[in-house]
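Let's walk through this structure together, from its overall plan to a few individual residues. Keep the sequence and the model side by side as you read.

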Amino acid sequence: MYKLLVATFALLSASVFADVAVVVHPSNANALDNKTIERIFIGKAKSFPDGSQAVPINQEASSAATEEFNSKVLNRSSSQLKAYWSKLLFTGKGQPPREEADDAAVKQLIAANPNLIGYIDAASVDDSVKVIATF
C-alpha cells in the first residue's frame, strides 16, 4: 500500500510542476545562461549580451508559471521578490517587470517585440517564440 501511495504522489507531483520555458523573439540570437536570465529579471542587467535592450515580462504573481520561475530561476519566493522590489521602488532604483495575465499574453507581446524576454509553461510554446532555456 505504501509503495502505491508513493508512486501516486510522484506522478501527481510531476504533473503539477510543469517545466517553464524562457522565451524571446524568434530573431533574437543571444545565448543566455541562467545567471544572465536571473540578472535581467531582477533588474541588474538591462541588455542582452549583444547590447540590445532586454525587457523582462512576468506573469501574474498567482500563476503557476510565475511560482515555478521564481523558485527555479530566481531562487526566491514570491514574498522575497515582493520585498526586493518594494525596496528598489522606495529608493527609486528600479521597477519590477511588467506583468501579463497568462502564457498567451506573454507570447503575443514577445512575438511582436525582439527586446522582450519572458517565461511560459513549456507546453504552451509554439513557433511565435524561441525557447532559450527550460527549467
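Helices (H or I, at least four residues) and strands (E, at least two) are taken here as DSSP runs, numbered from the N terminus. On that basis, the protein has 5 helices and 5 strands. Read from the N terminus, the order of its elements is α-β-α-β-α-α-β-α-β-β.

A word on the ground rules. This is a predicted model, so local features need pLDDT of at least 70 and side-chain atom pairs count only at pLDDT 80 or more, while totals for chains, interfaces and linings use all residues. Residues are numbered from 1 along each chain as its sequence is written, and side-chain values use heavy atoms, with hydrogens and water left out.

Now for the protein as a whole. We call a residue buried at under 20% relative accessible area, exposed at over 50% and partly exposed in between (1.4 Å probe, protein chains only). Of the 135 residues in the protein, 38% are buried. The protein exposes about 7900 Å², and carbon and sulfur atoms supply 57% of that area; accessible areas come from the Shrake-Rupley method with a 1.4 Å probe, and for residues only the protein chains shown count as cover. Contact means heavy atoms within 4.5 Å. Among contacts with a separation of 6 or more, 69% are between residues 24 or more positions apart.

Setting aside neighbours within four places in sequence, E38 contacts V73, L74 and R76. Between α3 and α4 there is a loop that holds N75. N75 is exposed, with a relative accessible area of 56%, and its phi is near 55°, a positive value in a residue other than glycine.

From here, turn to the nonpolar cores, each a set of buried Ala, Val, Leu, Ile, Met, Phe, Trp, Tyr and Cys residues joined through side-chain atoms within 4.5 Å. The largest has 24 residues, of which V22, I37, I40, F41, F69 and I117 touch the most other members. Two or more residues come to this core from each of β1, α2, α3, α4, β4 and β5. A second, separate core of 8 residues includes I57, I110, L116 and V129.

Next come the aromatic rings. Rings of Phe, Tyr and Trp (its six-membered ring) pair if their centres lie within 6.5 Å, with planes under 30 degrees apart counted as stacked, over 60 as edge-to-face and the rest as tilted. The structure holds 4 such pairs. In one of them, F69 and Y119 have ring centres 4.1 Å apart and planes at 10°, so the pair is stacked. This pair links distant parts of the chain, as F69 in helix α3 and Y119 in strand β4 are 50 residues apart. F69 is buried at 0% relative accessible area, and Y119 is buried at 0% too. Together, F41, F69 and Y119 form one aromatic cluster.

V23 lies in strand β1 and is buried, with 0% relative accessibility. V23 and Y119 are 96 residues apart in sequence, yet 5.6 Å apart in space, C-alpha to C-alpha. Beyond its neighbours within four places in sequence, V23 contacts I110, L116, I117, G118, Y119, I120, V129, K130 and V131.

Finally, look at β2, where 4 of the 5 residues are buried, so this strand is largely enclosed by the rest of the structure. Two strands pair if DSSP finds at least two bridges between them. β2 pairs with β4 in the parallel sense over 3 bridges, and V55 stands opposite L116 in β4. β2 also pairs with strand β3 (residues 98-100) in the parallel sense over 3 bridges, where Q59 stands opposite E100.
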